[in-house]
Amino acid sequence: MNFKLKLLVAGLALGFAASSQAADPIKIGVSGPFTGGSAPMGVSMRDGVKLAVAEINAKGGLLGRQIQLIERDDEAKNERGVQIAQELINKERVVATVGYINTGVALASQRFYQDAKIPVMNNVATGSVITQQFAKEPENYIFRNSASDQIQSQMIIKEAVDNRKFKKVAILADSTNYGQLGREDLEKVLTSKNMKAVAVEKYNIKDVDMTAQLLKAKQAGAEVVLTYGIGPELAQIANGMEKLGWKVPLIGSWTLSMANFIDNAGKNGNGTRMPQTFIQEPNTPKRKAFIDAYIKAYNPPQGRMPSPVSAAQGYDSIYLLAAAIKQAGTTEGPKVKAALENLNEKVEGVVTTYDKPYSKDDHEAITADITVFGEVKDGKVVHAK
């Protein structure tokens, strides 16, 4: 083969390599519980994420490449979350991960992304410490677009104590990181008002009888029950109150909007209130389009998302990440992180329109003024009046 021909062949080979590299998909991890008691949140989040990715890919993708989601079920188990994080980083070579539903799983797993300089977008988990885990390090790769428990606990106490004038509150929280960190946040807010809960009770995941905890709260004279847990056990609380013939309001964290609370509690769930970043009502064109697309794609029972908040925040997390990758012009972790901390363009989401949602020192996109109160009414969550 003469020299010119060799050059031509080498040039073609390089061209093919470059074009195949350019066409390589951008891999983004999606980690959450797609089975078990937390599944309504995990599945709704994943499905919201998939909708956003489908829209972006249909318009040509990112940086001329398609986005490929690498989905993993962490089963709401810390050790499984750790395995998945290592697999997504080392084997799949993801450029970012979205997800984490459970605070404990997030705290156990996200350190691997921090070490690898890969951004994590917590789109459901709410433990106040999540974005602070590495805040003292020079660079922090942990972001969030859900309402932290700090925000929610202040809203819950404001609703119970300031608005509804209850003097005696009981707290029932599950034994997970989520439940116990949320309980601590509630107690801190009460302390700031020179108040103390008359009863603070703990229960375990899969407990089916809350009589002992509820009796203690009732005997202590509680006028309202505040909760931090997830759907199935929260339904046991509502149903247990009915069995005792004890009618006091139930106010708790956002998870009281989960389908497996509403369905299992039935009429006993009516009137329950909780902070929400998104309620399944088509009150803006963007929200209507999102709700219609979700129902068309996934056909949920009764046309109700299993966890509307999780679906909306999952959807928005992809658009925030995509805006950063586009602005950075690369998928390199440090540059994407820096872009997230200084987004030039507004990002229209379904929860809100994000205008500079993050800075170097603040990795929380959701503020108290974005969050509203929802109320369970006849099988769905509506805006509380």
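The points below describe some of the helices and salt bridges of this structure.

1. This is a predicted model, in which local features need pLDDT of at least 70 and side-chain atom pairs count only at pLDDT 80 or more, whereas totals for chains, interfaces and linings use all residues. Residues are numbered from 1 along each chain as its sequence is written, and side-chain values use heavy atoms, with hydrogens and water left out.

2. Helices and strands are DSSP runs numbered from the N terminus, a helix being H or I with at least four residues and a strand being E with at least two. Helix H10 covers residues 285-298, and its 14 residues should span 20 Å at 1.5 Å a residue, which agrees with the 20 Å between its end C-alpha atoms; the expected span is taken as 1.5 Å times one less than the number of residues. After H10 comes Asn 299, whose phi is positive, near 45°.

3. Which residues of H10 are buried? They are Arg 287, Phe 290, Ile 291 and Tyr 294, where buried means under 20% relative accessible area, exposed over 50%, and partly exposed in between, with a 1.4 Å probe and protein chains only. Seen down the axis of H10, these buried residues fall within an arc of 95°, so they line one face of the helix; the arc is that of the directions from the helix axis to the C-beta atoms. The face turned away from the buried side carries the exposed residues Pro 285 and Lys 296.

4. The buried residues of H10 pack against helix H2 (39-58) and helix H11 (308-328), contact meaning heavy atoms within 4.5 Å. In the pairing with H2, Ser 44, Asp 47, Gly 48, Lys 50 and Leu 51 of H2 meet Phe 290, Ala 293, Tyr 294, Ala 297 and Tyr 298 of H10. The axes of H2 and H10 come within 11 Å and cross at roughly 105°, the axes being lines fitted to C-alpha atoms, for helices over the stretch in contact, with angles from 0 to 180 degrees between N-to-C directions. H2 and H10 are therefore roughly perpendicular to each other, on a scale where angles under 35 degrees count as roughly parallel, over 145 as roughly antiparallel, 65 to 115 as roughly perpendicular and the rest as oblique.

5. Helix H4 (residues 103-116) and H6 have axes that come within 7 Å and cross at roughly 105°. That makes H4 roughly perpendicular to H6. Here Thr 103, Gly 104 and Leu 107 in H4 meet Asn 177, Tyr 178 and Leu 181 in H6.

6. The count of salt bridges comes to 23, a salt bridge being a side-chain nitrogen of Lys or Arg within 4 Å of a carboxyl oxygen of Asp or Glu. One of them joins Glu 139 and Lys 337, whose closest N and O atoms are 2.5 Å apart. Glu 139 lies in the loop between strand E4 (120-122) and strand E5 (142-144) and Lys 337 in helix H12 (residues 333-340), so the pair ties together parts that are 198 residues apart in sequence. Glu 139 counts as partly exposed at 33% relative accessibility, while Lys 337 counts as buried at 2%.

7. Within helix H6, Arg 183 and Glu 187 form a salt bridge of 2.5 Å, N to O, and, being four residues apart, they are separated by about one helical turn. Arg 183 is buried, with a relative accessible area of 17%, whereas Glu 187 is partly exposed at 26%. Elsewhere, Lys 27, Arg 72, Glu 87 and Glu 92 are linked in a network of salt bridges.
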